[in-house]
Amino acid sequence: MATRSITAEEHARITTAIKAAEARTDGEIYCVVARASDSYFFPAAFTVLAAMLVASLAVAWGLEHWWLSIRLPYFVLAQMLASACMLALLWLAPALRIHFVPRRLRYRAAHDNAIRQFLARNVHVTAARTGVLIFVSLAERYAVVLADSGIDARVGQHVWDGVVRNLTGHAARDRLADGFVEAIEAVGMVLTEHFPVTPGDTNELDDHLVEI
(Lines give C-alpha, C1' and ligand atoms only; values in the text may rest on other atoms or scores of the structure.)
Protein backbone atom coordinates (compact mmCIF):
# COMPACT_ATOMS: atom_id res chain seq x y z
CA MET A 1 0.00 0.00 0.00
CA ALA A 2 0.94 3.67 -0.04
CA THR A 3 3.99 4.60 2.00
CA ARG A 4 4.39 8.32 1.37
CA SER A 5 2.60 10.97 3.37
CA ILE A 6 -0.62 12.47 2.11
CA THR A 7 0.01 16.01 0.95
CA ALA A 8 -1.95 19.11 1.95
CA GLU A 9 -3.35 19.28 -1.58
CA GLU A 10 -4.57 15.69 -1.35
CA HIS A 11 -6.16 16.41 2.03
CA ALA A 12 -7.99 19.31 0.41
CA ARG A 13 -9.22 17.07 -2.43
CA ILE A 14 -10.58 14.56 0.06
CA THR A 15 -12.31 17.28 2.08
CA THR A 16 -13.90 18.64 -1.10
CA ALA A 17 -15.10 15.15 -2.03
CA ILE A 18 -16.69 14.66 1.39
CA LYS A 19 -18.47 18.01 1.24
CA ALA A 20 -19.74 17.30 -2.27
CA ALA A 21 -21.01 13.83 -1.33
CA GLU A 22 -22.72 15.03 1.84
CA ALA A 23 -24.42 17.89 -0.01
CA ARG A 24 -26.71 15.29 -1.62
CA THR A 25 -27.53 13.17 1.41
CA ASP A 26 -28.47 13.23 5.07
CA GLY A 27 -25.69 10.68 5.66
CA GLU A 28 -22.31 11.52 7.13
CA ILE A 29 -18.93 10.30 5.84
CA TYR A 30 -15.79 10.14 7.98
CA CYS A 31 -12.34 9.06 6.76
CA VAL A 32 -9.41 7.72 8.77
CA VAL A 33 -6.04 6.36 7.66
CA ALA A 34 -3.70 4.63 10.13
CA ARG A 35 -0.04 3.91 9.52
CA ALA A 36 -0.42 0.73 11.60
CA SER A 37 -3.03 -0.67 13.97
CA ASP A 38 -0.67 -2.30 16.47
CA SER A 39 3.00 -2.36 17.44
CA TYR A 40 3.00 -6.17 17.04
CA PHE A 41 6.00 -6.66 19.33
CA PHE A 42 4.46 -9.35 21.50
CA PRO A 43 2.83 -11.39 18.69
CA ALA A 44 6.07 -11.22 16.71
CA ALA A 45 8.12 -12.17 19.79
CA PHE A 46 5.88 -15.19 20.39
CA THR A 47 6.33 -16.36 16.79
CA VAL A 48 10.09 -15.86 16.90
CA LEU A 49 10.50 -17.67 20.22
CA ALA A 50 8.33 -20.56 19.03
CA ALA A 51 10.48 -20.80 15.91
CA MET A 52 13.62 -20.76 18.05
CA LEU A 53 12.24 -23.64 20.11
CA VAL A 54 11.54 -25.70 16.99
CA ALA A 55 14.99 -24.87 15.63
CA SER A 56 16.56 -25.94 18.94
CA LEU A 57 14.78 -29.28 18.78
CA ALA A 58 16.04 -29.77 15.21
CA VAL A 59 19.60 -28.92 16.27
CA ALA A 60 19.39 -31.28 19.25
CA TRP A 61 18.13 -34.08 17.01
CA GLY A 62 20.96 -33.39 14.53
CA LEU A 63 23.59 -33.52 17.26
CA GLU A 64 22.18 -36.80 18.49
CA HIS A 65 22.02 -38.21 14.99
CA TRP A 66 25.68 -37.39 14.27
CA TRP A 67 26.81 -38.58 17.69
CA LEU A 68 27.91 -35.15 18.72
CA SER A 69 27.53 -33.87 22.22
CA ILE A 70 27.34 -30.47 23.85
CA ARG A 71 26.98 -29.77 27.52
CA LEU A 72 23.43 -28.82 28.48
CA PRO A 73 24.35 -25.47 30.10
CA TYR A 74 26.10 -24.38 26.91
CA PHE A 75 23.17 -25.48 24.77
CA VAL A 76 20.70 -23.56 26.93
CA LEU A 77 22.99 -20.51 26.94
CA ALA A 78 23.13 -20.60 23.14
CA GLN A 79 19.33 -20.72 23.05
CA MET A 80 19.07 -17.76 25.39
CA LEU A 81 21.59 -15.68 23.44
CA ALA A 82 19.91 -16.41 20.11
CA SER A 83 16.49 -15.54 21.56
CA ALA A 84 17.82 -12.32 23.10
CA CYS A 85 19.35 -11.29 19.77
CA MET A 86 16.09 -11.90 17.93
CA LEU A 87 14.06 -9.96 20.51
CA ALA A 88 16.55 -7.09 20.37
CA LEU A 89 16.24 -7.03 16.59
CA LEU A 90 12.45 -6.86 16.84
CA TRP A 91 12.71 -4.07 19.40
CA LEU A 92 15.15 -2.01 17.34
CA ALA A 93 13.50 -2.63 13.94
CA PRO A 94 9.73 -2.24 14.39
CA ALA A 95 9.11 -2.57 10.65
CA LEU A 96 10.18 -6.23 10.82
CA ARG A 97 7.58 -7.23 13.41
CA ILE A 98 4.54 -7.39 11.19
CA HIS A 99 6.25 -9.96 8.94
CA PHE A 100 6.22 -12.43 11.83
CA VAL A 101 2.51 -11.97 12.51
CA PRO A 102 -0.13 -14.13 10.74
CA ARG A 103 -2.34 -12.28 8.28
CA ARG A 104 -5.49 -13.20 10.18
CA LEU A 105 -4.13 -11.57 13.34
CA ARG A 106 -3.07 -8.47 11.40
CA TYR A 107 -6.54 -8.10 9.87
CA ARG A 108 -8.16 -8.60 13.27
CA ALA A 109 -6.02 -5.84 14.78
CA ALA A 110 -6.85 -3.50 11.89
CA HIS A 111 -10.57 -4.27 12.10
CA ASP A 112 -10.56 -3.69 15.86
CA ASN A 113 -8.85 -0.35 15.26
CA ALA A 114 -11.53 0.56 12.71
CA ILE A 115 -14.24 -0.16 15.28
CA ARG A 116 -12.40 1.95 17.87
CA GLN A 117 -12.21 4.83 15.40
CA PHE A 118 -15.89 4.41 14.53
CA LEU A 119 -16.78 4.87 18.18
CA ALA A 120 -14.12 7.41 19.14
CA ARG A 121 -14.97 9.73 16.22
CA ASN A 122 -18.70 9.59 17.08
CA VAL A 123 -19.68 8.15 13.72
CA HIS A 124 -22.30 6.13 15.62
CA VAL A 125 -24.11 9.09 17.18
CA THR A 126 -25.53 10.93 14.18
CA ALA A 127 -29.20 11.84 14.53
CA ALA A 128 -30.50 9.31 11.98
CA ARG A 129 -27.72 6.73 12.58
CA THR A 130 -26.48 7.26 9.03
CA GLY A 131 -22.73 7.66 9.64
CA VAL A 132 -20.17 5.83 7.50
CA LEU A 133 -16.50 5.33 8.30
CA ILE A 134 -13.99 4.73 5.50
CA PHE A 135 -10.90 3.28 7.19
CA VAL A 136 -7.50 2.22 5.88
CA SER A 137 -4.62 0.72 7.86
CA LEU A 138 -1.52 0.82 5.70
CA ALA A 139 0.84 -1.61 7.44
CA GLU A 140 -1.76 -4.37 7.37
CA ARG A 141 -2.92 -3.55 3.81
CA TYR A 142 -6.44 -3.46 5.18
CA ALA A 143 -9.45 -1.30 4.42
CA VAL A 144 -13.06 -1.40 5.54
CA VAL A 145 -16.26 0.59 5.26
CA LEU A 146 -18.28 0.60 8.49
CA ALA A 147 -21.86 1.84 8.35
CA ASP A 148 -24.16 2.64 11.25
CA SER A 149 -27.36 0.72 11.91
CA GLY A 150 -29.60 3.07 9.94
CA ILE A 151 -27.63 2.25 6.78
CA ASP A 152 -26.98 -1.45 7.41
CA ALA A 153 -30.72 -2.05 7.44
CA ARG A 154 -30.88 -0.99 3.76
CA VAL A 155 -27.44 -1.61 2.23
CA GLY A 156 -25.87 -5.04 1.87
CA GLN A 157 -22.24 -5.75 2.76
CA HIS A 158 -21.44 -6.63 -0.87
CA VAL A 159 -21.86 -2.95 -1.76
CA TRP A 160 -19.15 -1.91 0.70
CA ASP A 161 -16.93 -4.82 -0.39
CA GLY A 162 -16.83 -3.35 -3.89
CA VAL A 163 -15.84 0.05 -2.51
CA VAL A 164 -13.08 -1.56 -0.45
CA ARG A 165 -11.68 -3.48 -3.44
CA ASN A 166 -11.36 -0.29 -5.44
CA LEU A 167 -9.84 1.59 -2.50
CA THR A 168 -7.21 -1.06 -1.78
CA GLY A 169 -6.39 -1.29 -5.47
CA HIS A 170 -5.57 2.42 -5.57
CA ALA A 171 -3.61 2.18 -2.32
CA ALA A 172 -1.53 -0.70 -3.71
CA ARG A 173 -0.49 1.60 -6.58
CA ASP A 174 0.45 4.38 -4.13
CA ARG A 175 -2.61 6.41 -5.10
CA LEU A 176 -4.28 6.48 -1.70
CA ALA A 177 -5.82 9.94 -2.10
CA ASP A 178 -7.43 8.90 -5.39
CA GLY A 179 -8.74 5.79 -3.68
CA PHE A 180 -10.31 7.83 -0.89
CA VAL A 181 -11.90 10.28 -3.32
CA GLU A 182 -13.47 7.47 -5.36
CA ALA A 183 -14.58 5.64 -2.21
CA ILE A 184 -16.20 8.81 -0.91
CA GLU A 185 -18.00 9.34 -4.20
CA ALA A 186 -19.22 5.73 -4.24
CA VAL A 187 -20.41 5.88 -0.63
CA GLY A 188 -22.06 9.23 -1.34
CA MET A 189 -24.02 7.73 -4.25
CA VAL A 190 -25.29 4.91 -2.03
CA LEU A 191 -26.28 7.31 0.71
CA THR A 192 -27.99 9.64 -1.76
CA GLU A 193 -30.07 6.74 -3.07
CA HIS A 194 -31.28 5.66 0.36
CA PHE A 195 -31.00 8.90 2.36
CA PRO A 196 -31.41 11.90 0.04
CA VAL A 197 -30.81 15.29 1.58
CA THR A 198 -33.76 16.85 3.37
CA PRO A 199 -34.40 20.48 4.38
CA GLY A 200 -32.68 21.41 7.60
CA ASP A 201 -29.97 18.77 7.29
CA THR A 202 -26.90 19.72 9.35
CA ASN A 203 -23.29 18.62 9.13
CA GLU A 204 -22.63 16.45 12.19
CA LEU A 205 -19.07 15.19 11.56
CA ASP A 206 -15.84 16.85 10.44
CA ASP A 207 -15.24 16.80 6.69
CA HIS A 208 -11.58 15.84 6.53
CA LEU A 209 -9.24 12.86 6.49
CA VAL A 210 -7.76 11.96 9.88
CA GLU A 211 -4.26 10.45 9.94
CA ILE A 212 -3.26 8.42 13.01
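How many disulfides does the count come to? Zero disulfides. Keep in mind that this is a predicted model. C31 has a relative accessible area of 0%. Buried means under 20%, so C31 is buried. C85 sits at 52% relative accessibility. Exposed means over 50%, so C85 counts as exposed.

Next, a pair of helices. Two packed helices are described by the angle between their axes and the distance between the axes. Here the pair is α2, residues 41-65, and α3, residues 72-92. Their angle is about 150 degrees. Their axes are 10 Å apart. How do α2 and α3 run relative to each other, roughly parallel or roughly antiparallel? Angles over 145 degrees count as roughly antiparallel, therefore α2 and α3 are roughly antiparallel to each other. The crossing of α2 past α3 is right-handed.

Which residues meet there? From α2 we have, among them, F41, V48, L49, M52 and L63. From α3 the list includes F75, M86, L87, L90 and W91. Now sort the residues of this contact by type. There are 15 nonpolar and three polar. None is charged.

Last stop: D148. Where is D148? Look in the loop between β3, residues 142-147, and α6, residues 149-152. Is D148 buried or exposed? Its relative accessible area is 4%. That is under 20%, so D148 is buried. What does D148 touch, leaving out residues up to four places away in sequence? The partners are F118, V123, H124, V125, T126, R129, T130 and G131. Find D148 in the structure and trace those contacts yourself.

Note on methods:
Residues numbered from 1 in each chain as written. Predicted model: local features only at pLDDT ≥ 70, side-chain atom pairs only at ≥ 80, totals over all residues. Heavy atoms only, no water. Axes fitted to C-alpha atoms, helices over the stretch in contact; angles between N-to-C directions. Helix = DSSP H or I, 4+ residues; strand = E, 2+ residues; numbered from the N terminus. Parallel < 35°, antiparallel > 145°, perpendicular 65-115°, else oblique. Left-handed = near helix turned anticlockwise from the far one by under 90°. Contact = heavy atoms within 4.5 Å. Nonpolar A, V, L, I, M, F, W, Y, C, P; charged D, E, K, R; others polar. Disulfide = S-S within 2.5 Å. Buried < 20%, exposed > 50% of the residue type's maximum accessible area, 1.4 Å probe, protein only.
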